[in-house]
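Thanks for coming. I will keep this short, and you can follow along on the screen.

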Amino acid sequence: MSEKASCANLVQSQYTKAFGNPELMVKSPGRINLIGEHTDYNLGFVLPAAIDKAIYIAIGKRADQQIFLQAADLDQTIEISLDALTPSPLQWPNYLLGIADQLQKMGHSLGGFNAVVAGDVPLGAGLSSSAAVECATVFALNELFGLGLSKLEMVRLAQKAENEFVGLKCGIMDMFASMFGKQESVIQLDCRSLDYHYMPFHQNGFQIVLLDTCVKHSLASTEYNTRREECEAGVAIIAKWHPQVKSLRDADLKMVESLLAGGDVKVYQRCKFIVGEIARLKAGCQDLVNDDIAAFGLKMFETHDGLSQDYQVSCIELDFLADFARNQTGVIGARMMGGGFGGCTINLVKDASVDAFISEAALAFKNRFQQELKSYIVAIGDGTSLINI
Ligand code: GLA
């Protein structure tokens, strides 16, 4: 049985065992991001895609106001009342409870429900398993209670749940990619207007390989929120002279150099990276239109260097893997991916070199860190959907 079928089956059978037949099941994928990192909350552009690894949720109504949640693969259960939603120390329930909380705050009336979740999106690997749980939950509750929310409304709500209930001031990319993903396409998303279009992503002769450091630094979410504040501090300074600048999306390198270079070094470095990354993404999209994947790959290395040196969200394990990839034959581009401080690198690797690349990277990583390296070859898949039961 494939891993996907087995996840869906596990969720369904656990649900049936605990609560009887589920009313519906939803699948919501993890995501990759080709280029455009930390640009979403700066209202720039991103280029993510949904992948063929997903979170599955089985759900059904209850007659009372209670919520029963079960994580099938962790073998953990919690019970809480809809009338007293508070964050759980277990963490995973918060991605579901935050959605119920936001829906209620928006004035939707929910009833109690049972839900079982599990998936094959590796946790803490920077593939947005949390956004996948949030999107699966909001999609399932929308169906279950007939709330009539559009996909975009659900995405916004999921982001708000993560910002307020979980406490990570993330941008909109992860939820958007999970909900709107489309096979064989990357999504060019304007994070200010939320206009988007699907760019065909032709994998002619190469694959997307993720190398998972399995590192998750505990500072990740604090540092993430700090980066956001540093960018906002830069905008506040630039806006004194250029009031039209409302986010780093509106700034250019000249403004950054002339107004920030002599001030707080961190604020300067952060803003320099973001302004450069937004420009790099636009140029990278043109490379894809020109079918010039080699030029695109070089930009991925540049993004890594900026994230590591100027934005300072990398770590030694990610730097090691990006440097390793740089010197391998058959590697078109590589960089750390996602929020940082651990998780995966994303590598575009020519078909003929994939096996050797993965095994040599694993060996080098083991020699350097005495740790096993995990790897995933991912395909680009569709976004959140109901699945047949
Ligand atoms: C995390 C956040 C996203 C985005 C990325 C960095 O995945 O959830 O909103 O900011 O980091 O690009």
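I will go through the domains, then the ligand, then the cysteines.

One thing before that: this is a predicted model.

Let me start with the overall layout. The protein is divided into two parts, domain 1 and domain 2. Domain 1 is written as 3-202 + 382-387, while domain 2 covers 206-378. If you take the centres over C-alpha atoms, domain 1 and domain 2 are 25 Å apart. In the contact between them, domain 1 takes part with 37 residues and domain 2 with 44 residues.

Now the ligand. Where does the ligand lie relative to domain 1 and domain 2? Both domains give residues to the shell around the ligand, so the ligand lies between them.

Which residues are around the ligand? Going along the numbering, we have Arg31, Glu37, His38, Asp40 and Tyr41, then Cys170, Gly171, Met173 and Asp174, and finally Tyr224, Gly338 and Gly339.

For Asp40, a polar side-chain atom is 2.5 Å from a ligand oxygen. For Arg31, an N or O atom of the side chain is 3.0 Å from an oxygen of the ligand. Gly339 uses its backbone: an N or O atom there lies 3.2 Å from a ligand oxygen. As for how covered the ligand is, on its own the ligand would expose 310 Å², and the protein buries 94% of that.

Last topic, the cysteines. As a reminder, a disulfide is a covalent bond between the sulfur atoms of two cysteines. How many disulfides does a search of the whole structure find? The count is 0. Take Cys135, which is in no disulfide: its nearest cysteine sulfur belongs to Cys170 and is 10 Å away.

Methods
Residues numbered from 1 in each chain as written. Predicted model: local features only at pLDDT ≥ 70, side-chain atom pairs only at ≥ 80, totals over all residues. Heavy atoms only, no water. Near = heavy atom within 4 Å. Polar contact = N/O pair within 3.5 Å; in protein donor to acceptor, adjacent residues only side chain to side chain. Areas by Shrake-Rupley, 256 points an atom, 1.4 Å probe, with all protein chains shown as cover. Domains from an automatic or database assignment. Disulfide = S-S within 2.5 Å. Contact = heavy atoms within 4.5 Å.
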